Amino acid sequence: LLVAVSVFIAVITCTMALQMAGLAQKAQQMPARALAQFSGTVSLGGGIWCMHFIGMLAFAPCASSEFSAVHSAMSALPSLIAAMVTMRTLQQPVRTWGTLLLNGLILGLGVASMHFWGMAAAHASNAFYYSPQSLLLAITLVMIFAVAALMVHRRLPELGCQPMIVNIVSGVVLGLAVSGMHYVAMDAIHLP
């Protein structure tokens, strides 16, 4: 149940962030644009963070462990910074493929950084280590899917799709990127 909730949170918050990016792009005045951009940043960055900790509670060693409050709170920074960069990129009227590629890589690294910092916040993390191949797979997957989500978000309007459909499809791809990275990285864990 916690796994399903975590995936749902990731998809919904990513979709909401993409919706807010569209509102920020359409806003005529600065306060409305800044508020929409801030809301999207918090939705995307906070959604990544929430998904991670809900997903950690589904993992028995972490669920029965204590968490460092400082590291738990600070682990939100990479996802919030990556979300802020993404919101600024999506707000631009002209987004080149290169810009989207770079931003997708930044977003993927932000998700991965948040994940591993969040994992380090659990005291149980001292008792396990990661398989290097699975770890590389998790980081590669999140970057590929983050780039794909941004590319889909740009390409679907060119094909005549309605904004709501664009946001839902892109949000699902991005939400699956976030949650997929989390669970592939969790599968990379080896317990002695």
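What you have is a predicted model, in which local features need pLDDT of at least 70 and side-chain atom pairs count only at pLDDT 80 or more, while totals for chains, interfaces and linings use all residues. Residues are numbered from 1 along each chain as its sequence is written, and side-chain values use heavy atoms, with hydrogens and water left out.

Let's start with helix 5 (residues 76–91) and helix 6 (residues 97–120), whose axes come within 7 Å and cross at roughly 165°. Helices here are DSSP runs of H or I with at least four residues, numbered from the N terminus; axes are lines fitted to C-alpha atoms over the stretch in contact, with angles from 0 to 180 degrees between N-to-C directions. That angle is why helix 5 is roughly antiparallel to helix 6, a label for anything over 145 degrees. The crossing is left-handed, meaning that the near helix is turned anticlockwise from the far one by less than a right angle (clockwise would be right-handed). Contact (heavy atoms within 4.5 Å) involves Pro78, Ala82 and Val85, among others, from helix 5, and residues including Leu107, Gly110 and Trp117 from helix 6. The contact residues split into 9 nonpolar, 7 polar and no charged. For these classes, Ala, Val, Leu, Ile, Met, Phe, Trp, Tyr, Cys and Pro are nonpolar, Asp, Glu, Lys and Arg are charged, and the others, Gly among them, are polar.

Helix 6 also packs with helix 2 (residues 30–57): their axes come within 10 Å and cross at roughly 40°. Leu44, Ile48, Trp49, His52, Phe53 and Met56 in helix 2 meet Leu107, Val111, Met114, His115, Gly118 and Met119 in helix 6.

On a 1 Å grid over the protein atoms alone, a cavity is a set of points where a 1.4 Å probe fits but cannot get out, a pocket is an open set with protein on both sides within 12 Å along at least five of seven lines, and lining residues have an atom within 4 Å of a point. Volumes are the space filled by probe spheres set on the points, which are joined across faces, edges and corners.

The largest cavity, about 40 Å³, is lined by Ile48, Met51, His52, Val111, Met114, His115, Val178, Met181 and His182. The largest pocket has a volume of about 310 Å³. Of its 19 lining residues, Gly22, Gln25, His153, Pro157 and Pro163 are the closest to the centre. Helix 1 gives the most to that lining, with 7 residues.

Definitions and conventions
Helix = DSSP H or I, 4+ residues; strand = E, 2+ residues; numbered from the N terminus. Parallel < 35°, antiparallel > 145°, perpendicular 65-115°, else oblique.
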